[in-house]
Amino acid sequence: MHKFTAKAGLAALAVTLSSSVAFAQTEISWWHSMGGELGERVNQIAEDFNAGQDDYVVTPSYRGEYEETMVNTIAAFRAGEQPTIVQIYEVGTGTMMAAEGAVYPVYELMEEYGNDFDPSNFLPVVTGYYTDTNGNMLSMPFNSSTPILYYNKDVFEEAGLDPETAPTTWAEAEEMSRQIVESGAANCGMAITYTATWIGSENFSALHNLPYGTMENGFGGLGTEFTFNNETVARFWDDLARWQDEGIFVYGGPAGGSDNAPAFYSGECAIYMGSSASRAGVLANTDFEVGFGMLPYYDDVDGAPQNSIIGGATLWVLQGHSDEEYAATAAFFDYLSSAEVQAEWHQGTGYLPITQAAYELSQEQGYYEENPGADIAIEQINLNEPTENSKGLRFGNMPQFRMVMDEELQSVLAGDKTGQEALDSAVERGNQILRDFEAANS
Amino acid sequence: MQTKRSIFTNRWLPYVLLAPQLIITLIFFIWPASQAVTSSFERQDPFGFRTTFVWFENYTRVLSDPSYANALWNTAVFAFGVVAVSMGFALLLAVCVDRAIRTARLYTTLLVWPYAVAPVVAGVLWWFLFNPTIGLLPYILEGFGYDWNHRVSGGQAMALIVIASAWKQISYNFLFFVAGLQSVPASLSEAASIDGAGPFKRFWTIIFPLLSPTTFFLMIININYVMFESFGTIDATTSGGPGQSTTTLVYKVYVDGVAGLNIGSSSAQSVLLMGIVIFLTFIQFRYVERRVNY
């Protein structure tokens, strides 16, 4: 008898053990580049998802800036240690798309494991950037932003300008900046992030409906070539150098320019052009009235303003994981694209609402009425039906190319080159980078 | 050259004793170096799916690239600047400390501190001091009517990385110079002094030549430091800019390989860099050492 119960006990134990194995939660890793406040929100999203069901656990981990996360991911992939989900910035898109063996396209993943996933729910300006030539969505939109203009209303008022009117053209921006500096209301007029790249040439070209490269800005294939060395961009770069000499624009450094945000926060510069996702940071770090506006344009250029393009990042799924892990990923993506999660993320960060539903929900909640200026980014990106020149960029080795752009703009600002000379040289060097990428990927 | 011969009774003991060092050298130096040599002949996509053997294409392209010549020139300027500034100041300080009698120890301790600072931290420190927007030094310089903005001016950016890299290295050089000075017999300069030689004359004709082994050793160490270890300082202060004016050879290896994901070109550059350093060290031993008095 005793023996029997012992056996039964063992059997019961065995059953519990095996069932606990069967019900073991599947854990997936998510590498991202959201530091500070944004990082906390990412953790919150993962925590809420984990708490909402019992099967899957998403573990986010911060891997440094976008560039570092991408490099780390590639190194990890080569070592067979890659995460399931990784956040890659938009300039890395070309490289990721070409890495067919490394990436599990999101449309395939969602077809296989997803639950009524409909790509058409997403805003076309966002998904357009991340779909292949057949219209398939390759990565999961997550945080997309577009550059907008922030200005210091207090300084505007002090300088005798109308604090409710943001500059709309570069001529106005120049004039207002001059008035601000001359009146002593602030030491500098404009601080512009991504002076050479995202704002100063990429969005600049889209807004003026000018091509950045051949083959639909690179969407058409790897054979693309840069063509942005036109007189309008050259004019803008020459203007930047002139404004710098006059003291109405201050260069904040390469890439994003680490000096730009502090210069605006401290009241040193009156106008700040940066990502719409800087909204939370701008509001948290300033004690003056902040106004919002769209990026300026040259009003004597035909077709301007067209529409701006996005930046930010998407989530890529990597190859080399188990079915359970992919099922977990699909479930997480379902959760992530729900209107509630998206609306909260959009409102809390200033990133664009990436689904139509999230945008409508935010409207219903009265978010845009309570927060004037929060919809500027959405308006600007939907200003006109996107053309071939304004639906985005897709070039391989883009991180390397952007460094070339920074270098060339620096030589204009140092007075070594004219805008045209610098752009011609950037195109030549950039095309070399594109040919390298083409050679390595075909 | 003296040779010492030790007799081991156990045949294997010497190998066992050598093993840890050999294994570390193999795993961390020889193996990666051989990988670099291999991939310098290849073209590869970032994820490593497609690898093509391209013979010397990476080398020919690097060598015909004007930005490589630019990096070579920057490295020469940077190396000269750092070696001159760090060894000059170190020698000056060492001579001063050598003369101080009571407080020599205290000064020595204080002067060694910067060496404990990691290159990146040193870089950030100087980045703060020289930051065009919030830095203290540009503010002071502005008072003298000098406009400091190393984000735009290449010359100023070079000065900044020379100062930041040299500052850290002064401590190291200083220690060796102090030790070197202590080994110079006092009787020699006393004798010279009786013969009527002034302090400068004594220094240049007696002490400095006797210091030459230390100076020679430090020169090699400093050039190696400039070639390889200065990466952290440059990355934290100027990131190679503006317009590549502070991109040295080692920084270019990083930019092309890690940021640009062009592994072939980056490997070719690191092999070339290795060659340059070997060549320089060879030249120094072959020609400079002959003039050194041991």
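Two residues are in contact if their C-beta atoms, placed from the backbone, lie within 7 Å. This is a predicted model, in which local features need pLDDT of at least 70 and side-chain atom pairs count only at pLDDT 80 or more, while totals for chains, interfaces and linings use all residues. Residues are numbered from 1 along each chain as its sequence is written, and chains are lettered from A, with ligands numbered from 1, in the order in which they are written.

**Exercise 1.** Describe the side of chain B that touches chain A.

Solution. Begin with the count: 25 residues of chain B are in contact with 31 residues of chain A. Next, look for the elements, where helices (H or I, at least four residues) and strands (E, at least two) are DSSP runs numbered from the N terminus. Strand E1 (42-44) and helix H11 (249-259) of chain B each give two or more residues to this side, and the largest share, 3 residues, comes from H11(B).

**Exercise 2.** Find where B:Trp55 lies and decide whether B:Trp55 is buried or exposed.

Solution. B:Trp55 sits in the loop between strand E2 (51-53) and helix H2 (57-63) of chain B, and its phi is near 55°, a positive value in a residue other than glycine. A residue is buried if 20 or more other C-beta atoms lie within 10 Å of its own, exposed if 12 or fewer, and partly exposed in between. B:Trp55 has 9 C-beta neighbours inside 10 Å and therefore counts as exposed.
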